[in-house]
Amino acid sequence: MQNLKVGDKFFLTGTIYTARDQAHRRLFEDIKKGKKLPIDLKGTIIYYCGPTPAPKAKIIGSCGPTTSSRMDEFTPLLLKAGLKGMIGKGRRSKEAIRAIKKYKAVYFLTYAGCGALLAKYVRKAQPVAYQDLGPEAIYKLEVKDFPVIVGIDTKGRSIYE
Amino acid sequence: MRKISAARISRAVSDLCIQANMVLRNDVLNALKNALKKEKNKCARDILEKIIENAAVARKESLAICQDTGLPTVFVELAEDVKIIGSLKQAINKGIEAGYKKGFLRSSIVKDPLGRGKAGYQPAIIHIDLVKGNKLSLTVLPKGFGCENKTQLRMFKPTARIEEIKKFIIEAVKDAGADACPPYVVGVGIGGAADYAVFLAKKALLRKVAQSPSRPVAREIYKLEQELLKKINNLNIGPMGLGGKTTALAVNIETYATHIAGLPVAVNISCHALRSASCKI
């Protein structure tokens, strides 16, 4: 992570977890109450994504990134709890950038509005928490060569500035 | 009176939901291809290529172009000589639910905006216009909310100068910046009342994005659209906000009569995945 520089393009292989608005709210509230979280955030990468349901014989539906800034208010606490990376689209707040720098995390961008294309890089998808939230549930994804761009690096440098 | 059954309307709406979400509008696809021809920024070119590739994958594999399959908005033109057998509203919502389920599209609608709760497929937003003739026209616009969240309305003074209005529209695009999936199509509504200006801004997105002077818009409005598009494309926002001269594919303006005391202007931005489909029964 430390070696990644803002603007670097590369391909991600491994495990990531989807989480968007309502899942963030729940994780945030559980951390505040000191409750055990349904996923271990330590060293984890969260993908801001709510996929379409998987059609028959497919692993996942369309699965592009959603607007990251809606998650900004929850991000500092999640980073404090061990979150190491986020994938989304668009700008982040000053507070979120400060926290990314403080906890030496990375914010990645991926191709926005290209959910059908990005589905090709998902090898496994399994809901692991908050299934009552439907598309906003947390999914564990195994990705291979998932394309990302470093949007904010561990030094807090942003691609938009 | 020509009779049209509710079941027929449901079937048509269901098909339109699938078509709109999986097959990118030809005018939008062509505008993206033209933008790629003109774009020199390497990163912008790469993103435009991926957007075009995404549309091809979605169509080929029957996948949604974007996972945000939107808040379905349905524009109905109901002719005075048409009699609907059954409930039009129920028929549309039934068609939405059927189409979204059949196409594996996302359930993104919460019935209670404050309580939220589990997301479902409907109700849709339905706009009905009464027209002459004996046909029923339906258009489904499944607009994503990343760009919907960037909507702006300003109630200008009736004495406002055109420069102030241009600045407001350009600032609205700057505010959306990188967040709402540029390159955008910028819908603008001028006139009416507050609600109607916002409606017009959204309706403007239904008009073809391919620029041509023969379109049914007044010459002055056409000139204004061209000038705004040029200025917006000089903002260097670019695809995904990473620079380049492709910030918007088009600026579409709709106007309507207004009150002597006011001049409402609304901006409703669409992401590059501007999706809609229409049919006539």
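Does Gln67(B) count as buried or exposed, and how many C-beta neighbours does Gln67(B) have inside 10 Å? Gln67(B) counts as buried because 28 C-beta neighbours sit inside 10 Å; the cut-offs are 20 or more other C-beta atoms within 10 Å for buried, 12 or fewer for exposed, and partly exposed in between, with C-beta atoms placed from the backbone. The model here is a predicted one, where local features need pLDDT of at least 70 and side-chain atom pairs count only at pLDDT 80 or more, while totals for chains, interfaces and linings use all residues. Residues are numbered from 1 along each chain as its sequence is written, and chains are lettered from A and ligands numbered from 1 in the order in which they are written.

As for its place, Gln67(B) belongs to the loop that links helix 3 (42–61) and strand 2 of chain B (helices are DSSP runs of H or I with at least four residues, strands are runs of E with at least two, and both are numbered from the N terminus). Leaving aside neighbours within four places in sequence, Gln67(B) has contacts that include Cys49(A), Pro51(A), Cys63(A) and Arg106(B), a contact being two C-beta atoms, placed from the backbone, within 7 Å. Overall, the contact between the chains takes 30 residues from chain A and 35 residues from chain B.

Next comes the sheet. Chain B has an open sheet of four strands in the order 4-2-5-10, with mixed pairing (strands pair if DSSP finds at least two bridges between them). Strand 4 (125–131) and strand 10 (277–280) of chain B each have a single partner strand, so one side of each is left without a neighbour in the sheet. Strand 2 (residues 71–79) and strand 5 (residues 136–143) of chain B pair over eight bridges in the antiparallel sense, and Val76(B) stands opposite Leu138(B) in strand 5.

Finally, two helices of chain B pack together. Helix 6 (residues 162–176) and helix 8 (residues 219–232) of chain B have axes 10 Å apart and an angle of about 40°; axes are lines fitted to C-alpha atoms, for helices over the stretch in contact, and angles run from 0 to 180 degrees between N-to-C directions. The two helices are therefore oblique to each other (under 35 degrees is roughly parallel, over 145 roughly antiparallel, 65 to 115 roughly perpendicular, and the rest oblique). Where they meet, helix 6 of chain B brings Lys166(B), Ile169(B), Ile170(B) and Val173(B), and helix 8 of chain B brings Leu228(B), Lys231(B) and Ile232(B).
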